[in-house]
Amino acid sequence: MSSTPSPTATDEISWVLTPLLELPGVLHAVIATGDGLVEGASGGLERASAERVAAMTATVHAAARAFTAAFTAAERPRLAQTVVESDLGYAVVVPAGENTSLAVFTSPDAQLGNVAYQMQLQVAALGRALASPARRQDDDDRS
């Protein structure tokens, strides 16, 4: 007797990445927990790389918060985004809900304004999806 495995949490929220990956210049995307675990990753990113990105996302975001706090004396500043620029492109990290971040890596010629805007749209969509109550089996049977 075989059964179809139920989708994992990673499978259930990876849809958030699709519109981002369709943008020109966006190469990879990861949804990460605040403690550095992968919740979702783009298909072209190897699992080991996604895990490193998730861990570094948590570290970079925490460092950016501490860096901002050092300048402002605020205890826990809220970050809108963290951007790292290199000769290979841009890494952009935004908060994506409680204890979650969304990170993308783009080519150097990507339109960062468009990327940042789409990231905010996807964070809002993810928030709405996670806030929606789960459908009950009874609701499915009535359709």
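A salt bridge here is a side-chain nitrogen of Lys or Arg within 4 Å of a carboxyl oxygen of Asp or Glu. With that criterion, a search of the whole structure turns up 1 salt bridge. Please keep in mind that this is a predicted model, in which local features need pLDDT of at least 70, side-chain atom pairs count only at pLDDT 80 or more, and totals for chains, interfaces and linings use all residues. Residues are numbered from 1 along each chain as its sequence is written, and side-chain values use heavy atoms, with hydrogens and water left out.

The salt bridge joins the side chains of R47 and E51, at 3.1 Å from N to O. Both residues belong to helix α3, where they sit 4 residues apart, about one turn of the helix. Helices (H or I, at least four residues) and strands (E, at least two) are DSSP runs, numbered from the N terminus. E51 has 40% relative accessibility and so counts as partly exposed; that class lies between buried (under 20% relative accessible area) and exposed (over 50%), using a 1.4 Å probe and protein chains only.

Now for the sheet. It is open, with 5 strands in the order β2-β1-β5-β4-β3 and antiparallel pairing; two strands pair if DSSP finds at least two bridges between them. Because β2 (38-41) and β3 (82-86) stand at the edges with a single partner strand each, one side of each has no neighbour in the sheet. β3 pairs with β4 (residues 89-95) in the antiparallel sense over 5 bridges, and V84 has A91 in β4 as its bridge partner.

Helix α3 (residues 47-72) packs on this sheet, touching β1 (26-33), β2, β3, β4 and β5 (100-106), where contact means heavy atoms within 4.5 Å. The direction of α3 makes about 70° with that of β1; axes are lines fitted to C-alpha atoms, for helices over the stretch in contact, and angles run from 0 to 180 degrees between N-to-C directions.
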